[in-house]
Amino acid sequence: MYPKPFEYTRAESVEHALQVLKANEGSRVIAGGQSLLPMLKARLYQPTMLVDINYVPELRTVELNDSNELVIGAMVTHFDVIENSLIRENAPILSTTAEHIADVQIRNRGTIGGSICEADPSADYLPTLFALEARVVLKTTESSREVPIEELIQGPFETLVEDGEMLVQVIVPVNRVNYRVEKYARRKADFAIASVAAMADVSSDGKINEVRIATGAMQDGPHRIRDLEKELNGRNVSEVDLDRLVGPATESLDPIDDLHGGPEYRKTVLRAMISRTVHELLTQGDGA
Ligand SMILES: Cc1cc2nc3c(=O)[nH]c(=O)nc-3n(C[C@H](O)[C@H](O)[C@H](O)COP(=O)(O)OP(=O)(O)OC[C@H]3O[C@@H](n4cnc5c(N)ncnc54)[C@H](O)[C@@H]3O)c2cc1C
């Protein structure tokens with residue numbers, strides 16, 4: 001099917017994009033277009049106007065701010081997240097995560113801002129950004145607000161981004177601790193059936209100072225597995241029994257039920273994946 005006809009504006013700046021969004025009810029941002037175009041063709045979205053933000057240079061920058069945080073422009077592509085040396089040095093888990101996304105064509109066009117705003121419950125960035133405790137900056141012509149990623153994602157394909165509002169930056173606190181990212185999918189380029197992003201700061205004597213574990217591919221979006229984190233934080237690696245801890249800590253999780261796998265299957269895969277990934281992270285460190 002062809003999309004319903006729409007107007008098109010190529011934005012020259014953030015301000016220009018925001019003004020066009022405000023002036024045109026029913027308008028929508030187009031970033032890489034990788035998720036949007038199929039939605040337009042299926043007529044699931046019928047925008048009156050597409051505001052193209054591909055030619056706004058200020059949305060493509062990556063910087064370190066004075067608070068030792070990465071400030072990543074919304075239009076930074078998955079390819080850039082893999083290649084950018086500031087991101088790789090200061091949040092290497094994010095670069096590794098981007099390597100798992102789709103195929104090379106999609107990584108070249110798709111953007112971090114587009115992926116977050118799409119809020120696909122199986123998207124690869126979301127568990128990682130939950131573990132990194134990232135925030136996003138949302139702007140309108142009148143206002144600017146910072147929202148923690150866990151608040152932004154309201155559910156599957158649902159965010160706090162309002163009409164006339166645009167995601168302009170992703171803020172990621174620098175975090176170079178050991179990490180592992182695991183994704184299980186039918187084929188390499190597919191969305192995850194189960195996924196885990198885990199980070200851990202472990203002392204040389206084996207004490208777990210801080211561990212963060214998040215998962216994707218749940219009915220209601222990504223989750224931090226805080227019950228498991230609480231069980232692990234402060235313990236010594238030698239006294240951790242993951243086989244005992246992972247079952248109860250994942251009991252309330254509700255995996256997606258679709259043609260790629262039912263919830264019981266996905267939960268079984270997820271539990272095995274968490275046990276293995278966290279065990280390897282705590283005992284061997286990085287390996288992703
Ligand atoms: C075949 C296929 C396989 C894929 N596999 C994976 C995968 O394995 N893992 C994975 O994580 N992803 C996967 N994706 C999704 C891919 O990563 C997309 O690039 C991404 O989800 C959307 O990014 P985009 O820049 O293309 O956004 P677009 O498609 O342009 O936009 C997506 C949505 O976000 C809105 N939007 C975009 N940017 C902004 C902004 N700055 N402010 C406000 N709203 C905005 C748009 O209006 C639209 O509603 C796949 C996609 C396809 C088509």
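Select Tyr55 to start. Tyr55 is partly exposed, because 13 other C-beta atoms lie within 10 Å. The cut-offs are these: a residue is buried if 20 or more other C-beta atoms lie within 10 Å of its own, exposed if 12 or fewer, and partly exposed in between, with C-beta atoms placed from the backbone.

Two notes before moving on. This is a predicted model: local features need pLDDT of at least 70, side-chain atom pairs count only at pLDDT 80 or more, and totals for chains, interfaces and linings use all residues. Residues are numbered from 1 along each chain as its sequence is written.

**Stop 1: around Tyr55**

Tyr55 sits in the loop between strand E3 (49–52) and strand E4 (62–64). Element names come from DSSP runs, numbered from the N terminus: helices are H or I runs of at least four residues, strands are E runs of at least two. Tyr55 and Ala11 are 44 residues apart in sequence, yet their C-alpha atoms are 6.7 Å apart in space. Which residues does Tyr55 touch, leaving out those up to four places away in sequence? They are Arg10, Ala11 and Glu12. Touching, or contact, here means C-beta atoms, placed from the backbone, that lie within 7 Å.

**Stop 2: the nonpolar core**

Select Val51 next. Leaving out residues up to four places away in sequence, Val51 touches Thr9, Ala11, Ala17, Val20, Leu21, Ser27, Val29 and Ile30. Val51 also belongs to the largest nonpolar core, which has 79 residues. A nonpolar core is a set of buried Ala, Val, Leu, Ile, Met, Phe, Trp, Tyr and Cys residues joined through C-beta atoms within 7 Å. Highlight Ala17, Val51, Ile53, Ala198 and Ile213: these touch the most other members of that core. Then colour strand E12 (residues 194–202), which gives this core its largest share, seven residues.

**Stop 3: two loop residues with positive phi**

Go to Arg43, in the loop between helix H2 (36–41) and E3. Its phi is near 60 degrees, a positive value in a residue other than glycine. Arg43 counts as exposed, because it has 11 C-beta neighbours inside 10 Å.

Now jump to Ala217, in the loop between strand E13 (208–216) and strand E14 (223–224). Ala217 is not a glycine either, and has a positive phi of about 60 degrees. Is Ala217 buried or exposed? It counts as buried, with 32 C-beta neighbours inside 10 Å.

**Stop 4**

Select helix H8 (residues 125–132). Eight of its eight residues are buried. They run from Tyr125, Leu126, Pro127 and Thr128 to Leu129, Phe130, Ala131 and Leu132. Just after H8, Glu133 takes a positive phi of about 55 degrees.

The H5 and H8 axes come within 9 Å and cross at roughly 175 degrees. Axes are lines fitted to C-alpha atoms, for helices over the stretch in contact, and angles run from 0 to 180 degrees between N-to-C directions. H5 and H8 are therefore roughly antiparallel. The scale: under 35 degrees is roughly parallel, over 145 roughly antiparallel, 65 to 115 roughly perpendicular, and the rest oblique.

Zoom in on the contact. Ile93, Leu94 and Thr97 in H5 meet Tyr125, Thr128 and Leu132 in H8. By class, this contact has four nonpolar, two polar and no charged residues. Ala, Val, Leu, Ile, Met, Phe, Trp, Tyr, Cys and Pro count as nonpolar, Asp, Glu, Lys and Arg as charged, and the others, Gly among them, as polar.

**Stop 5: helices H11 and H12**

Select helix H11 (residues 242–249) and helix H12 (residues 263–284). They pack at an angle of about 135 degrees, with their axes 10 Å apart. That angle makes H11 oblique to H12. Where do H11 and H12 meet? Leu242, Asp243, Val246 and Gly247 in H11 meet Arg271, Ile274, Ser275, Val278 and His279 in H12. This contact has four nonpolar, three polar and two charged residues.

Finish at His260, in the loop between H11 and H12. His260 counts as partly exposed, because it has 16 C-beta neighbours inside 10 Å. Leaving out residues up to four places away in sequence, His260 touches Arg186 and Ile193.

Technical notes. Two residues are in contact if their C-beta atoms, placed from the backbone, lie within 7 Å.
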